[in-house]
Amino acid sequence: MNGLTVRVLLIEDSPADALLVHELLNAAQGESFLLRSADTLKAGLDVLSRESFDIILADLSLPDSSWNETFPELRQHAPSVPIVLMTGLNDRNLALDSVQQGCQDYLVKGKFDGELLTRSIRYAIERQRLVSELQILSISDSLTGLHNRRSFFDMVEHHEKMAKRNLKGFLIFFAALDGLKKINDHFGHQEGDRAILN
């Protein structure tokens, strides 16, 4: 967060809980937060479609969404934004399940203060940044920056499903670099890398 203002979307239907979060963030020492609020999942998704945020704080149970729908819906609409769930349900299994699905943290209402809330936000943003970096590394070739073999097969599978669904075909082009082994053997791997890049 490094002195920057953190843009927070709070999706909370309880005015008292929303006010408490607002007060806790305003009182945070050395942190600056810009808070936008919504009181339903639909209103939160509408705000998300128009604005970007560094983090989403969401009540797990909202008037238009049940506990098992809220997180998946938010994740679908904002896959790269860290999400911290806040709930009155002190359920360890639900908390663990939420984290396994990709939620960054699970806070029980009435059991956190301003320090815990700001630490949760800070850590959630950092964990999401690291997860995003790892995702990029897992699908990219380190030399060329192009998609790697795993990513290639995932994209082919995706396009094949789309082609079947839309009753259309698709093309795959392959390019090969002949003689790469000879280049590596005679001139070294650095020259082989240069040949790939050119």
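Mentor: Contact means heavy atoms within 4.5 Å. With that cut-off in hand, we may read this structure, which is a predicted model.

Trainee: Which residues does Gln 104 touch, not counting residues up to four places away in sequence?

Mentor: Leaving out residues up to four places away in sequence, Gln 104 touches Pro 82, Ile 83, Ala 124, Arg 127 and Gln 128. Gln 104 itself is found in the loop between helix H4 (92–100) and strand E5 (105–108).

Trainee: Is Gln 104 buried or exposed?

Mentor: A residue counts as buried under 20% relative accessible area and as exposed over 50%. Gln 104 has a relative accessible area of 11%, so it is buried.

Trainee: How should I read the packing of two helices?

Mentor: Two packed helices are described by the angle between their axes and by the distance between those axes. Here, helix H1 (residues 15–26) packs with helix H5 (residues 114–139) at an angle of about 80°, and their axes are 9 Å apart. H1 is therefore roughly perpendicular to H5.

Trainee: Which residues of H1 and H5 meet?

Mentor: From H1 come Val 21, Leu 24 and Leu 25, and from H5 come Gly 114, Leu 117, Thr 118 and Ile 121. By class, this contact of H1 with H5 has five nonpolar residues, two polar and no charged.

Trainee: What does Thr 118 touch, not counting residues up to four places away in sequence?

Mentor: Thr 118 has its place in helix H5. With residues up to four places away in sequence left out, Thr 118 touches Leu 25, Ala 28 and Phe 33. Its relative accessibility is 6%, so Thr 118 counts as buried. Between Thr 118 and Ala 95, which are 23 residues apart along the chain, the C-alpha atoms are separated by 19 Å.

Trainee: How are H7 and H8 arranged, and which residues make their contact?

Mentor: The axes of helix H7 and helix H8 cross at roughly 145° and come within 7 Å. H7 contributes Leu 180, Ile 183, Asn 184 and Phe 187 to the contact, while H8 contributes His 189, Glu 191, Gly 192, Ala 195 and Ile 196. These residues divide into five nonpolar, three polar and one charged.

Trainee: What supplies the largest share of the lining of the largest pocket?

Mentor: H6 does, with four residues. Helix H6 (149–166) and helix H8 (189–197) each supply at least two residues of that lining. By class, the lining of the largest pocket has 12 nonpolar, three polar and two charged residues.

Trainee: What is the volume of the second largest pocket, and which residues lie nearest its centre?

Mentor: The volume of the second largest pocket is about 250 Å³. Among its 14 lining residues, Phe 53, Asp 54, Pro 82, Ile 125 and Arg 129 lie nearest the centre. H5 gives the most to this lining, with five residues. The classes in the lining of the second largest pocket are seven nonpolar, four polar and three charged.

Trainee: Finally, how should I read a phi value?

Mentor: Most residues other than glycine have a negative phi. Leu 167 has a positive phi of about 55° although it is not a glycine. Leu 167 lies in the loop between H6 and helix H7 (180–187). Its relative accessibility is 76%, so Leu 167 counts as exposed.

Terms used: Residues numbered from 1 in each chain as written. Predicted model: local features only at pLDDT ≥ 70, side-chain atom pairs only at ≥ 80, totals over all residues. Heavy atoms only, no water. Axes fitted to C-alpha atoms, helices over the stretch in contact; angles between N-to-C directions. Parallel < 35°, antiparallel > 145°, perpendicular 65-115°, else oblique. Nonpolar A, V, L, I, M, F, W, Y, C, P; charged D, E, K, R; others polar. Buried < 20%, exposed > 50% of the residue type's maximum accessible area, 1.4 Å probe, protein only. 1 Å grid on protein atoms, 1.4 Å probe; cavity = no way out; pocket = protein on both sides within 12 Å on 5 of 7 lines; lining within 4 Å. Points joined across faces, edges and corners; volume = space filled by probe spheres on them.
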